[in-house]
Amino acid sequence: MSGEIPEPVVAVQTVGLSRTFGSTAALLGLDLTVNQGDLFGFIGSNGAGKTTTLRILATFLSPSGGTAKVLGHDVVTDADAVRNVIGYMPDFFGVYKDMEVTEYLDFFGACYRIPGAQREKTVNDVLELVGLREKRGFLIGALSRGMQQRLGLARVLIHDPRLLLLDEPASGLDPRARIEMMAILQELQKMGKTIIISSHILSELQTLCNRVAIIEKGKLIYSGPVQGVRDHTTAGRTIRAKVAGDVESALLLLRTDTRIAAVVQENGFLKITLASPELDGSVVAETLVRGGARLLSLAEDELGLEEVFMRLTRGETQ
Amino acid sequence: MKFLPIVIRELTVAARRKATHWTRMLSATVAVAITAWMLSVMAGSFPQETSKAIFGVMTAMMTLYCAMAGVRFTADCLSAERREGTLGLLFLTNLRGHDVVLGKLVASSLDAFYGALAIVPVLGLPLLMGGVTLGEFGRMSLVALNALFFSLACGMLVSTVARSAHVAVWGTLLVLILVAGGLPALDAYLVGKDPTSRSVFPWGYILCPGYTYALGFDALYRRSAWQFWTSLGATHALAWVLLGFASLILPRMWQDRPSSSGRGGVGHRIQLWLRGNSPSDARFRRKLLDRNAYYWLTSRRHWKPAVAWFALVVMAAIWAWGWHRFKSDWTNEGTYFMTGIILNFIIRVAFASEASRQLAEDHHNGALELLLSTPLTVSEILRGQYLSLRRIFLGPLVFILLIETVLFIATIKTQYGSDRSMWICLWLGMIVMTLIDLGALFWVSQWMGLTARQPNRASANSLALVFFPPWALLALIGMASVTSHTGGGWETFFSMWCLFGLINDFVVGAWAQMKLREEFRTAAQRRYAPQKGLLEILAGK
């Protein structure tokens, strides 16, 4: 028993989730599962349905069809319970610019029914966590965009929620602020929080998240581990090979092989795209060696999340 | 075409808007309906008499609509751009102040202009029926369009200097009421009390659209043509002066000020003063927050109740001035009753404005989305609103009721017989209706705040919904009784006014309450859903 990996506990589950706005369908039967402790990346083009999904999970929007459960609570029939366990940060969040930082957090602490005696300590703790302790007496209107985003994150954390729904939390931030924000999120994951984050900065999601979902036109295209996303593409792997001597002959050899989809010369290397995802670099080695070419090196190009995203989606919106 | 590029762009955009066409159609439909109704009511009258009545009613309505158009159409057009941060983008190009001012004026006023223009052909009917001359027709059209231009120009100037939507809208309304109605009305009242006295504000009449309107009819125009054209020309010239001034100052007012709202900055100190910075203020705020978070949100500025009191102090100062200047002439039942009407008007307008403000702002800037994702319930939000409004208005309302009781007693002490009965009914009716109106406004204003596309229009919409239907119905019945010579006494009209007001308050109040309790969250989501067109709604799609 000790060697067995425990079954993941589901934090969010949607089944056939749909939402229409008039004649426009924003979500079309979305089936999504997020496990507890996941740092879950939610990827999609503008208008793909990410924000609509997060708003439904935050109980702000009601679904037109299907069900959604958050930590066991239905978002429609048990919305109050859902609100107590989530922290929702919208992409465009209204801040009261004439409030002080502590006032703002104190107010939301009261909204979450944190007792007055406990609120001051909680406010200080979350300010410490997001690195805004020095700004506690400032008016929100005087904070930079990055600081306001951090304040938004502090607000989300004020009632110690188990699930964080973050819609584009890093949008508009400079590189340093983005990196710091991501570090905070990793810290929160270590504290046991489940985090769903939608973002356009895919390279960061690739390193940050353990699981991702790709959504297009309101439908789920992929959901699973970041490492597995590449296997989901229908296109073949990309191999980078270096040969000595007659490069033109090597090119000819590769182009006549039906298992190879494309070959181009790039910076002294041959960039070879295989015809199907089942094939690997051995195909290239075999073709070149049998044809008499002198193979110096062979390596597989790591497919980035951005490239996979581009291959899987067409950028279409509802 | 390089001339006035914003005007061309904005006209093109406005021409494509559905609202532009619907406004024009609605105005023409209302005008045709009223005309048809009057024609049917006055079927037995002489055609000339009928045409004069129709012409009088239609031109009066058109002039009033035009004179107040600035509040609705231009008051918040530049201030909204400044708040959104888009005004600066225009000035980063080669555009100059007058390009922007005239462009926004044209864009914002196209609906108003079309609305007025759609009524003009209907005015042609009385012309064809006889009894109305071509000169009257032309002058009245001119008066209405001139009033529209002046009103829109006032709105533009206020919008240039204001930042908050509330300041812009109420500022424009105040300026228009003062310029077009306040001074001439006060003067007329004072001169009316003593016909031998000289006019107190003789120049005040010149800018009043009502004055120009009255002079436009043949009977007065024949005797006072010069005054008519002077009044028309002065209003028109002043409108251009206002626009010129707006164009001049706008390039100096669009830039963001350097932030001084960091700790210790001027902005921060102002905010601290506004919210109250003493230990007792802090204790008070903490108490509010523990009681109801939304109550804290709407009441955290300690000076809020002071604004209502300030309005009463201003009113008291005007009253004291009148008493000092006119001595015993001031203290009579007419002044008392007018004081009561103004006090009730002020508290209703202020109440509607405050009841709709927070929800409208929160909905507009997205803060409501945050609040509704917390465990804060709709009932708690409504309860917070109630507590806040009670804190701000209960004191002033009790004070107004006390003053009105004193004025009421002073009135009935000097009246006997049927006059005494009349004043008792008028006073009691006014006081009771004010209280019931406030009850209806509490629900209607909040619902309007939640659903209005533009926050600044929420309070105006609620006031219109609560006050317009009974007054419109009463006006139609009044017109019918006057034109068909079957009018009743004041008792009939007073009873009808109370009855219509009660029914309307109950219906719209109950409707808004039901909507708030059952559809609050749905309405809060609505900003993200594309709006249906009228045809789609009618077709049930």
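## Strand β9 of chain A and its partners

Strand β3 (residues 39-44) of chain A runs parallel to strand β9 of chain A, and the two pair over five bridges; strands count as paired if DSSP finds at least two bridges between them. Helices (H or I, at least four residues) and strands (E, at least two) are DSSP runs, numbered from the N terminus. This is a predicted model, in which local features need pLDDT of at least 70 and side-chain atom pairs count only at pLDDT 80 or more, while totals for chains, interfaces and linings use all residues. As for conventions, residues are numbered from 1 along each chain as its sequence is written, chains are lettered from A and ligands numbered from 1 in the order in which they are written, and side-chain values use heavy atoms, with hydrogens and water left out.

Which residue of β9(A) is the bridge partner of A:I43? That partner is A:I214, and A:I214 is in turn bridged to A:Y222 in β10(A). Strand β10 (residues 219-225) of chain A pairs with β9(A) in the antiparallel sense, over six bridges. Together β9(A) and β10(A) form a hairpin with two residues between them, and A:K217 in the turn has a positive phi of about 50°.

Six of the six residues of β9(A) (residues 211-216) are buried, so the strand is largely enclosed by the rest of the structure. Here buried means under 20% relative accessible area, exposed over 50%, and partly exposed in between (1.4 Å probe, protein chains only). Both faces of β9(A) are covered: A:R211, A:A213 and A:I215 are buried on one side, and A:V212, A:I214 and A:E216 on the other.

Side chains of opposite charge can pair when their charged atoms come close. The rule used here asks for a side-chain nitrogen of Lys or Arg within 4 Å of a carboxyl oxygen of Asp or Glu, and it gives 21 salt bridges over all chains.

One of them joins A:D160 and A:K193, at 2.2 Å from N to O. This pair links distant parts of the chain, 33 residues apart: A:D160 is in the loop between α5 (145-157) and β7 (163-167), and A:K193 is in the loop between α6 (175-190) and β8 (194-198). A:D160 is exposed at 54% relative accessibility, whereas A:K193 is buried at 7%.

Another salt bridge connects A:R240 with A:E266, with 3.3 Å between the closest N and O atoms. A:R240 lies in strand β11 (residues 238-244) and A:E266 in strand β12 (residues 260-266), so the pair ties together parts that are 26 residues apart in sequence. Both ends are partly exposed, A:R240 with a relative accessible area of 21% and A:E266 with 29%.

## Salt bridges between the chains

A:R113 and B:E380 meet through their side chains in a salt bridge of 2.8 Å, N to O. The pair crosses between chains: A:R113 sits in the loop between α3 (101-111) and α4 (116-130) of chain A, and B:E380 in helix α18 (residues 378-413) of chain B. A:R113 is partly exposed, with a relative accessible area of 44%, and B:E380 is also partly exposed, at 24%.

There is a network too: salt bridges link A:D106, A:R119, B:R286 and B:D290.

## Helices of chain B

Helix α13 (residues 279-291) of chain B has 13 residues and reaches 18 Å from its first C-alpha to its last, close to the 18 Å expected at 1.5 Å a residue; the expected span is 1.5 Å times one less than the number of residues. Its residues B:D281, B:R285, B:L288 and B:L289 are buried. Seen down the axis, the buried residues of α13(B) fall within an arc of 95°, so they line one face of the helix; the arc is that of the directions from the helix axis to the C-beta atoms. On the other side, B:P279, B:R283, B:K287 and B:R291 are exposed.

How many of the 28 residues of α8(B) are buried? The count is 22, and this helix is mostly covered. The end C-alpha atoms of α8(B) (residues 134-161) are 41 Å apart, which agrees with the 40 Å that its 28 residues should span at 1.5 Å a residue. B:E136 belongs to this helix and is buried at 8% relative accessibility. B:E136 and B:L215 are 79 residues apart in sequence, with 9.9 Å between their C-alpha atoms.
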